Amino acid sequence: MALKESPFPNEFVACLHAVGWALVLPCFWCLDRLIAVLKETSLEKTQREEQECYLRPLKVFFGFILFFILFLVTAPFAFLGFLLWAPLQACRRPFCYHREVPPTLERATHMGFELVGKASFGFATANLCLLPDSLARFNNLGHTQNRAATIGELIVQGVCRPHIRIFVDSPSSCGTLSPSNSILPAANSSTYGATDRQAQPPVGSYSNSAECHVSIPNSKNSGGVVCEPCNDTQEPPAEPPSHLFNSNQNSNQQGRTGHRSAPRALLSQGLRQQGNPPWEVSSLFPANVDILCLEEVFDKRAAKKLTEALKPVFGHILYDVGVYACQPPCSCSAFKFFNSGLFVASRFPVLEAQYHWFPNSLGEDALAAKGLLSTKVLIGKNQKQKTVVGFFNCTHLHAPEGEGEVRCEQLNMVTKWIGDFQAANRHPDEEVAFDVLCGDFNFDNCSPDDCLEQNHRLFEEYRDPCRAGPGKEKPWVIGTLLEQPTLYKDDISTPEKLQRTLETEELRKKYISPPVPAKGRPLVYPEADQPWIGRRIDYILYRESSISKLCKTDIEEVTFITQLARLTDHIPVGLRLNVTMDMDLADQ
């Protein structure tokens, strides 16, 4: 059964809530601008110094006076609105749901399992720091509303590309490569296709994924490669096709020359032969992402801008996730000024959703309703016409450093809540294709200070593709937390420049946050003969023990995404899983 869109039991309560918030919002906005006028980002400071503008003190003085007066004028109305708004939180469902009705059922479901018994699923996670503008400035990020609109457009631009897979024939490598951008035209189709779903462009049309067969001759003078679009369910062709094109540049190197993608992709394939998945640093979001998890979308207006931008591609969106006011309701134990910041956009219909907030948050984190959002999505049918579903969970853990016990307790809650949700919503007539957990965990796998979290039993249940073991990353992994004072430096000012920086270890050290040492102990990092990685606090994990016994899961690719350069202080992460459903086992 599909979710109801409104978070309120009826329209009357929804209208009362809207009136209460309308009275609160002007005062909230004035207070936000009052603080924002006092705090400038490093980019604004640099621009002011370059322009030799000395009007900053006047702007601060008169801006402060203006917004303070407006704050005082609107405060009485905000108080009345708060008296109406706060009690209604007791009957509000802790998330809003937006649903775009697809023109046909096939466009809302995945046909891969029904047609050929296999499918691939793309996931991505990103922390966007979409706080109210005044608070975002303390993270060296401003203009929250503009950033939200721009981020939505960029995500759509990335995920609406056809999904390209390139088969390389060379003595040194084999397998498939996944370049950041397509160089093939999209084919029209009315379904998502066999193994890779179509992207839904904003105009409503659908583009197929594509697959290339690339033949790299041994001759050093060869100037081109061979490519042929084909069906994902077919084997790569044995003979090279006749049409040629130049592939010296793709989206990872727009505006540059040379052969950057091939060496990186060949390296990925070499790592795969050593038991590692293919990986890529991409200047665009992966094509055909199916479910997108965003964190720190605290601002309600920013959440609506994101929803408007993403809804043509992701027809099912959960936003404004969390609780407000006194929690539990009618108590004074904890007051939540902000929601959880979680935001989930899915191509698949959301059948069930459940949210829990962490009761053990401390300090400034206690002002927000951080927690866990668990969802169950409808994927389609298999060849036996049984319903196929997936479980997707996202969270944002406690932030302050040195408080690993709090995060470990929250991980215990996450494990329990996911188990309870799946036990209550899993039915015997359904096949589960994937079980994914992602989000901003606020601890990494290299800091001595995060030792407790690194050894948590969660990592015995869920698999982390980037993790070699407790406290040890795989050598190709890249940290995902940027140093906030450096966000506007030239080396990381564009997606392409940030991509090059992350690929270069010496540059990466300047911009990725280093590990946190244990209290009272000097930091020795990295160990001998190990690369410098930095703090990776954004995770996408998957579990195989809880999915259908008919399913086998393989990692197709791990992606570190630079498309949001200057727009957030995190590096988004992508994961694509290939799932094969063996129907012969169902007959046994």
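Colleague: The axes of helix α1 (residues 11-36) and helix α3 (residues 56-88) come within 7 Å and cross at roughly 155°. How are two packed helices described?

Modeller: By the angle between their axes and the distance between the axes. Here, α1 and α3 are therefore roughly antiparallel to each other (over 145 degrees; under 35 is roughly parallel, 65 to 115 roughly perpendicular, the rest oblique). Axes are lines fitted to C-alpha atoms, for helices over the stretch in contact, with angles from 0 to 180 degrees between N-to-C directions. Helices (H or I, at least four residues) and strands (E, at least two) are DSSP runs numbered from the N terminus.

This is a predicted model: local features need pLDDT of at least 70, side-chain atom pairs count only at 80 or more, and totals for chains, interfaces and linings use all residues. Numbering starts from 1 along each chain as its sequence is written, and side-chain values use heavy atoms, leaving out hydrogens and water.

Colleague: At what angle do α6 and α8 cross?

Modeller: Roughly 20°, with the axes of α6 (residues 144-159) and α8 (residues 300-310) coming within 8 Å, so these two are roughly parallel. Ile151 and Ile155 are among the α6 residues that meet α8, where the partners include Leu306 and Leu310 (contact: heavy atoms within 4.5 Å).
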